[in-house]
Structures are given as structure tokens and as C-alpha cells.
Amino acid sequence: MKNYAELHCWSNFTFLEGASHPEELVQRGAELGLAALALTDRDGFYGTVRFAKHAKALQFPAICGAELTFEREGEEPHRRPRLVLLVEDEAGYANLAALISASQLRGGKADARLRLSDLSGHTNGLTALSASRHGLAERALLSGDSAGAKSAASDLKDLFDNRFYFELQHHLRPDDSALLQKQLELAKILQLPCVATNGVVYAHKADARLADVLVCVKHKLTLAQAREQLLLRPNSEFFLKSPALMQRIFRPYPQAIRNTLEIAGRCQFRLDRLAGQFPQFPIPPDQASRQTYLRKLVYEGAARRYGFSLESKVERQMEYELGIIARMDLAGYFLIVWDIVRAADELGVLCQGRGSAANSAVCYALGITAVDPIGGNLLFERFLSEERNEIPDIDIDFAHQDREKVIQYVYDRYGREHAAMTAEVITYRTRSAIRDVGKALGLSLAQVDRLAAEFDAIESLDDVIAPLPDSVVRRRDLDASTNMRASRLDVPTPPVRESPPKRAASVLGERLFAFCRRIDGFPRHMGIHSGGMVITRDPLVQVAPIEWATMRDRTIVQWDKDDLQDLGLIKIDLLGLGMLSLLRETFSIYARCTGEKSLALHTIPADDQSTYEMIGHADTIGVFQIESRAQQSMLPRMRPKCFYDIVMQVAIIRPGPIQGDMIHPFLRRRNGLEPVTYPHPKLKPILERTLGVPLFQEQGMRMAIEAGGFTPGQADQLRRAMGHKRSHQRMAEIYPHLINGMVQNGIDRDAAERLFKMLEGFADYGFPESHAASFALLAYASAYIKCHFPAIFGAAILNVQPMGFYSTEVLINDAKRHGVVVKPVEVNASEFWSHVDTEGALRLGFHVIRELGEAQRTQLEGALAQGPFIDIVDFAKRTQLGREALENCAVAGAFSPWFGSRREAMWALRGLDEREARGELGRIMEIDEPAAQFAALTERQETRFDLWATGVSPKRQPIEHFRKYLDAHGVIPAARLVE
């Protein structure tokens, strides 16, 4: 019989305190036979989505709640009084979300501050628990202040009426029984009900030590130091206990147990009821619905993209996609994304849809993506599926320098009370776990750094040690590599009678790795997503609690993109991409040079052979995605001749295909050195374009559909399994269904097993074809501009630095190799940004000079707008640049029209300083002095000045000064290597 509900429980989303995942708590609660379980993480709903999702899958009652921290001046956050609030209904959820937001925004990061006054008018639909020894009244009772305790409890009783309970806990502390009696006495005086909880911090008793380690990490202390400061819990009684055990503990107080069931019965709100938060996108009066308006926009866009007479396959695909959008009621979502893209175009911000949106003909017609999915034969179900029943994830890249304009448009359009940035859960990986746990166990910084350095930055501890047994302390089954690494710990050896000192170090190493294995994937803190924004219909603070991000003036919701997707809330990624800034800059410079605005992303000619020849020669410095050394080594062997070749080129140079040994078979087949074969005849149409070698996730999905009889929705589940961190575990779950489907589809079992092995291996390296197509489009566009307008490309790429792999000096030299004349910075000829002058040369801008950044840009551009400068005095007065910036201009040779050498310009600046120091009287008394004579700069000195001041040498390559020395030592120039 389920006769107890646990109403106070932390997950590991009570950051660096709770020691169990939300799913583990649900699983354990169901195993123990609890009537219900409430998740009450500190000051937030961080883990609530995962908690509710798993509970729904198990049909286990999951109560939404939080433990809020009161404001107390002079007290550290972890020592302040608290209050536990549980959600009963929709009104209670909105109130609790608003209370969390108010307390978070009043404080700072990890410093929420609730006031009693916040509760006024926001208690409907909420049940309050006093938080036991951390409550307002209990704190007073523990200090002997009976009057204060009575006053605090009375205030809360008035605020919550009959829904405020004294929370009774007994963790076998020496003073627990005494506190419990005082609570009961005060409850009787005030006629307040009591309820029993265990204040759960971890699901299993074995994780008590882990909870101590997390507390040490939070406070940056060792276990010994934390124990001295009384920060650790006194024992391991804070685990999820069975109803029978709780009944034994609270046998004298049966009503406190029964009240848990009464409260759980009232708390019927479930988090999946947050549906219906789509903003009501306004439509024209002549449109009957958002779906009809979307249809109108789609067919107008299709006419522009495909021509007014649509082919039957285009119209068929449009209707198919619009039908799914209508059945899933997603028209409003597509209109919101379309509106953002439209606004970006009006603001002059170049944008391009990235990722799975390229699989959708609707997105192509709306201008969200520039990739034609019909021409590219891309799989729509990779983007949207009725079986998946989720809002599709649309990522849009914007020119990174202009992205803020679009973000501000979204804020203005929907209001800051309805829009905020998405959070990102920062989780433990191998190195961070070793560093944090190692310091908590008493290792020095040098020791943990040395140990962490032996692991790859993203290496999983699953690959290092096996899963934990019940007790992390008794672990002995570490593998050889772990023992080897652990033995390298040069740690002080505590006295251990039964073990030699060397064994003591090994025990510490085992313990370290055991804790690290346990917290692998634990949330450490909340960060801010690079560009995700969430938009809601109701005020955001009533839907998703918000808090401050570490980035100035930015607020974030307390959920990441996966949580938002699970809840069906709108999340759009507005990402910054440097290549779009580069392309925008090239279009702008082209328009200035030619007086035409004909060059744009959609007007760049397709299949330009000169561009493909340049790519085939690996002449791709500065070109998007194919400029790395690995890509350049591949290009002469691949020799792309069409757009799809670039799609494959983008996808193949990645860790997965390299590790899967797919590159060499692909190249051999492409060059006619190996016959093209297919794992099964049915897969030829799927793998034909990639010569029988699977490169893309969509191919894996099609293989499951054609060979295994999967529906598109089931194939998408396969795609998700392949992309999951625990891909092999997920694939094992799909194995029976896929094998049986292939057998039923006429494939013998041995061939089916081979196909599954291929898909299982494919899980490690599959790359989305839609992503590759989106990237390939930008790769081709940037290569075309570099090929045909090298001076414009060179000026543009300098103006958007830093980006890519190469320094400014390398980019300048590459432009010279393409015949571009590069002119140095020169006053009255240069602008702040680099540009192409009337002679077609690349004129460097003031921005390349050190110490001339955004802070000085306004001063320079304002002064330049007033006309040419007369002399250095005029330049100094009008620009108001600091002395260091002026001297850097002189060193760079920017004042060459006025002086015979850079040293003369530097001397003249010193003269300006002296005149200012002497004042007006000193200037009246000036006398003519002989002009100073300076030795001329050698070419080597001039190059050194250029590199110091600007990082580039426009006149000569620095290595030229060492050519004789290198020749004498037999160093062969790259140009002569072909000889």
C-alpha cells in the first residue's frame, strides 16, 4: 500500500549539493512504492522537465516544487532561511515561477533573494512547508527565540491560510528530537498542521560521500576543511527512504505521515500542461487563419524560387509538408521564423538557415534556407515528423557583427516579458571532474592538473572505468589503464596499517576515479546558449523562471534547448556566423566599387568552373569550411566538380569518417581504383551518390526505411539514437525491431546482421546531409568571390577578423598571390576599415593598427567625415586619439605624406607633447631650431615596424630578409618543391 509521499527532495540540479539525477530519483521512488515524489531543487525548476518526463514514462506521480532562499543581509546564501513551495494547480505553477524569477532577479548569479512581501498575492495554488531546521520559525527555535519563531510561523500561516505546514525531519542528529518537539508544541499553539519529510539529497545511501564531495567543490574546500566549518551533513540519512522506514521513524506522529498523502492529492499539476504557449502571430484581416496565411507566403516564395509554373514534384512536396504543419498546428511557429528572417533582410543583416531546416521545401520557399531540398533529394522527416510530435529545431545564422540587431528586434516584437535567452546546462566532463574532485580530496593543483592532462578533453569516463558498485569507497575493479594513471598520483600517504604507503596512494586514486565516474554528466552550473531565444504567449516569468546570466544585462530561462523542446515551447537559435559577416562585407564593397547591388548570396552563378578549379588546387585560404590543412590536403584528391561534391567534401573531413576508415574507400572508388559496391541491392538508390559509402545521417534513416520497413518517424528515432551520447546502448534497444523488419522485407538474417553492424558503426560518424548542404553553399559562395574578386574578398576578410585559421599576414600574402596590390595605411587615403580604391588595389584601414579598436572607431570616422587632414596637428586635434595610438600610427607609416620617414613623424609627435606641456606662453616664446636629421630606415627595420604596428607587411614578405641565409643552408622555397 502506497502510504507515504516524499515532498522535499533535491536532485543534482541543486547544483553541487544534490547527488542524484532527477531520473534516478523517480526510478527509486517508483521502486520504493512511494505514493508521489516532489522535486524541490533550490531556487529553480532546473531539473523539473527531466523529472516530469521520466515520471510520465513510468506513470509515477511527480509533484513540481522548489525550495526558495530568503534574503538576509550579512549571511551567505547557503546559511539563509528557506521555504519549500509545492504546486497544486496551474495558478500555483504561475505563482511559483514568478516568485522564483523575482528572487533570482533581485539577487545575482547563484544568489536568489526572496522576501516575505513577494509572497503576498502569489500564494494561490501553492502549499508551503517550513523547510525544517532551515525554516524561518525553526531557525528561531534553534536559537531559543520562541517569540520570533511564533511570529515567523504566524506570518506564513496568514499568507498561506491552511496550506502552511511545519516540516518534520529526523536524521538521527542529537538535537533532532528536541527540535521536533518544539515544532509540535508551536504547531499546537498556532493550530498548524505538520508533515513528515526526509529532506532528500540523494536517491541511494551509497551516494552520501559523493554529496560531501560536491559541497566541497561548491565551497572550494577539501573534505577536512569543510568538516571543520560544519558544512557537511552529519551522516548518510538523507537518502530516499521507503514508506515503511518513514513510518517507523515517525511512528509517534502518524498524522504527519498521512498529511503527505493529503498534500500529494492536492498537487495534481503536471508539467506537460504547459502546452499552448505559441505567441499569437498577427495575420492580415483578409486571411482566415495562420495556416492559410502561411500557405499564401509559401506559394509566393515558391514562385520566386522555382518559377511561376511549379513542377508537380515541387507542388506535391509543398502540399505534403503543409499538411503535416497543419495537423501539428505549427503554422504560427513557421510564421514567427519567417518574420525574423524578413526583419533581418529589412535591417540589412545577412542570414542563412542552418541544419535540418534545409530538408524542408516550405523553409526554402519562405527564404529561411537557401538550400533546395527537392533538388538535393533531402529527407523532410529529418526536419519534421508527426510521429516525433515535436516543434522542429530551426537554427538561423546571422552575420555575427549584426546579430544583436535581430535579437533586439525579437525583444521589441514580443516584449522582454515574453522573450529571453535559452540556458545551457554545463556538465562535468573528464578533466573538469578530475580537477574538482581531486582538489576536494586534498590533492594539490599541480597534482590534479598533471592527472587531468593524461585524458582527452572530451574523453568519457565510461571508457576509463566500469560502472560503480553500490559503494564508491570499496571499488576495486579498475582497469589497467586506470590503475596506471592513479598510481601516478604523487600524494601524501596517510597512515594505513594494513596497506603499505604505495597502496594508500592507489586507494586514493581509486576513490578519485570512482567519484569522477559518478559525476560524469552531472550538471555543474547554468550557462547561456550561444543564440537560443524562447518566446511565450503568457508572461515568461509565469511559464519558465528566469534569472541573470553571467553576461551583462542578459536574462535566461532556467531550461536548456532539450527541456524547452520537451515542453513544446518555442525556441529559435539566432546564431552568429563570421562567414556571413564576410559575405555581407563583400557585397557592400562590391556595390561601392561598381555602383551595382547585383552581387548577393542568391545571385552567385552556380557551377562556375573557374571556382571549382581553384578549389581543386586547394587554393582555399579564407574559404568557409574547406580552408583547414586537412581539407586542403583532401581537395586535390577529391577535385570537386559540382555542388554536391562540396557537400561531400564538407562532410568527409570530420572525426567520424576518419575514425570509421571511410575516406580511403571513398577516394579509391571516386578515382576508379576500386569498384563501387553496395551492402545490399536495395540500398543502391540511397548510397549511389556517395559511391556506396554512407556519409550522412539521412542515408542511415533511408536505409532503415528501405531495408527495415521503418516509418519516417521510426527512422528519425534511429537518427536520434545514432547521435546520442550513449549511441551503442540506444542502438541495442532498436536492434530487434530493425533486424525483424529487414528479415520481413526479404533480406536474409546474415545480411541483416551485416547491415545493422554498418548502421551501428555509422552511429559514430554520421553527419547530417542538410548541415553539409547549408555549409557547402557558403563554401561555394566564398570561393566564388575569392576567385573572381580577390581584392574585394581580401578587404572584406580583413574587416571581419578574427575568424578562421589564418593570421592577417597570411591573408595579405594570399591576396598578393592572387595579383592584388596591397597599399599600406595612409592618412587621407585610408578609412577606418580596409577598402578597394579606384585603382582596384586593397588599401589597408586604420583598424589594422594596434590600439585602434571599436573605442577609437567613432573618433576616427567622425574626424574623417569632416574632410582631409591638413597636417599631424590637425589629425591629433580632430581625432582626439591618445598618445599611444598616435605613435602607433606613426610607426605604421600612416603619416608618410607629411614626413620623409617614420622617425620624423614620431619626432613630430613628441614636439606636440612638448608644446602642450609648455602651454600658451611657451608657444609665444618658441624659436626656430634646426630640423632634426634621422637615419633612413633599412628595409628590414621597415618590415619590423610594419609587423609591430599592424601585424602585416604590405611591401615585402618578412622571410625575404632571410632568403640568403636560408639558401646558404639548403632550405628549399615552397615554389621550387615541384622541381
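Leaving out residues up to four places away in sequence, Ser101 touches Val541, Pro545 and Ile546. The model is a predicted one. With Ile546 there is also a polar approach: a polar atom of the Ser101 side chain lies 3.1 Å from the backbone nitrogen of Ile546. Ser101 has a relative accessibility of 1% and therefore counts as buried, the limit for that class being under 20%.

Ser101 belongs to helix α3, which runs over residues 90-106. The length of α3 can be checked against its residue count. At 1.5 Å a residue, its 17 residues should span 24 Å, and the C-alpha atoms at its ends are 24 Å apart, so the two agree. At the start of this helix, a side-chain oxygen of Asp89 comes to within 3.3 Å of the backbone nitrogen of Ala91.

The helix is mostly covered, with twelve of the 17 residues of α3 buried. Among them are the run from Gly92 to Ser101, together with Ser103 and Gln104. An α-helix has 3.6 residues a turn, so residues three or four places apart point the same way. What do the buried residues of α3 pack against? Their partners are the strands β2 (62-69), β3 (82-87), β4 (126-129) and β11 (546-548), and the helix α4 (116-119).

For the protein as a whole, there are 41 helices and 16 strands. Of its 979 residues, 55% are buried. Among contacts with a separation of 6 or more, 72% are between residues 24 or more positions apart.

Asp608 sits in the loop between α22 (578-594) and α23 (609-616). Its relative accessible area is 16%, which means that Asp608 is buried. Apart from neighbours within four places in sequence, Asp608 is in contact with Tyr780, Tyr784 and His788. Asp608 and Lys641 are 33 residues apart in sequence, and their C-alpha atoms are 9.2 Å apart in space.

A search of the whole structure finds four cavities of 30 Å³ or more, and the largest cavity has a volume of about 80 Å³. Which residues line the largest cavity? They are Ile621, Lys786, Pro790, Phe793, Gly794, Ile797, Leu811, Asp814, Ala815 and His818. By type, this lining divides into six nonpolar, two polar and two charged residues. Helices α34 (790-799) and α35 (808-817) each supply at least two of the lining residues, and α34 gives the largest share, with four.

The loop between α34 and α35 holds Pro802. The peptide bond that joins Gln801 and Pro802 is cis, with omega about 5°. Most residues other than glycine have a negative phi, and most peptide bonds are trans.

Where are positive phi values found in residues other than glycine? One is at Leu16, where phi is near 60°. Leu16 is located in the segment before α1 (22-32), and with a relative accessible area of 9% it is therefore buried. Another is at Ala131, where phi is near 70°. Ala131 lies in the loop between β4 and α5 (136-142). At 1% relative accessibility, Ala131 also counts as buried.

Key:
Residues numbered from 1 in each chain as written. Heavy atoms only, no water. 1 Å grid on protein atoms, 1.4 Å probe; cavity = no way out; pocket = protein on both sides within 12 Å on 5 of 7 lines; lining within 4 Å. Points joined across faces, edges and corners; volume = space filled by probe spheres on them. Nonpolar A, V, L, I, M, F, W, Y, C, P; charged D, E, K, R; others polar. Buried < 20%, exposed > 50% of the residue type's maximum accessible area, 1.4 Å probe, protein only. Polar contact = N/O pair within 3.5 Å; in protein donor to acceptor, adjacent residues only side chain to side chain. Contact = heavy atoms within 4.5 Å. Expected span 1.5 Å × (residues − 1).
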